[in-house]
Amino acid sequence: MSDAIAFDTHKFVKRLTATGFTEEQAEALANEQVNLLNSNLATKTDTETLRQVTKATIEGIKSDLLKFKSDMVKWLVGSLTVQGGLIVALVKLL
C-alpha cells in the first residue's frame, strides 16, 4: 500500500530523539504512526462500496415509495367508489 498521506518519519524521529526518546523508541513510534494513518484511510474500494450501498438504499426507498403511492391510489379509488355508492343509495332512499 502506498502512503496516501505524506508523513516524514525521519523528521518525526529527529524530533522525538531531541526530546529524550531513544532512537529505537522514536522509530517504533514513527512506524506505529504510519500504520495508524494507513489503516484509517478510506480506499477507493471503500468509497466504491459505500457508493454501491448508498445507491441500493436509494433504489430500495424509491421502490418502497412507489409501492406506497400505488397502495394509496388503490385505497383512494376504493374509498371514493364506496362514498359514491353510499351517496347514490342515500339519494334513492330520500
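Glutamate 48 and arginine 51 join their side chains in a salt bridge, with 2.9 Å from N to O. Both residues sit in helix H3, which covers residues 44-93, and they are three residues apart, or about one turn of the helix. Glutamate 48 has a relative accessibility of 34%, so it counts as partly exposed. Keep in mind that this is a predicted model.

Aspartate 71 and lysine 67 are four residues apart in helix H3, so about one helical turn separates them. What about their surroundings? Aspartate 71 is partly exposed, with a relative accessible area of 28%, while lysine 67 is exposed, at 53%.

Here are the two bridges side by side:

| Salt bridge | N to O distance |
|---|---|
| Glutamate 48 and arginine 51 | 2.9 Å |

Now for helix H2, which runs over residues 23-39. H2 has 17 residues and reaches 24 Å from its first C-alpha to its last, close to the 24 Å expected at 1.5 Å a residue. Which residues of H2 are buried? They are Ala26, Ala30, Val34 and Asn38. These four cover an arc of only 100° around the axis, and therefore lie on the same side of H2. Turn to the other side of H2 and you'll find Glu24, Glu32 and Ser39, which are exposed.

And what do the buried residues of H2 pack against? Their partner is helix H1, residues 9-18. Past H1 comes glycine 20, which has a positive phi, near 115°.

Finally, a word on confidence. The protein chain has a mean pLDDT of 91, and 96% of its residues reach 70 or more. Within the chain, H1 has the highest confidence, at 95, and H2 the lowest, at a mean of 91.

Methods. Residues are numbered from 1 along each chain as its sequence is written. This is a predicted model: local features need pLDDT of at least 70, side-chain atom pairs count only at pLDDT 80 or more; totals for chains, interfaces and linings use all residues. Side-chain values use heavy atoms; hydrogens and water are left out. Helices (H or I, at least four residues) and strands (E, at least two) are DSSP runs, numbered from the N terminus. The expected span of a helix is 1.5 Å times one less than its number of residues. Buried means under 20% relative accessible area, exposed over 50%, partly exposed in between (1.4 Å probe, protein chains only). The arc is that of the directions from the helix axis to the C-beta atoms. Contact means heavy atoms within 4.5 Å. A salt bridge is a side-chain nitrogen of Lys or Arg within 4 Å of a carboxyl oxygen of Asp or Glu. pLDDT is the predictor's confidence in each residue, from 0 to 100.
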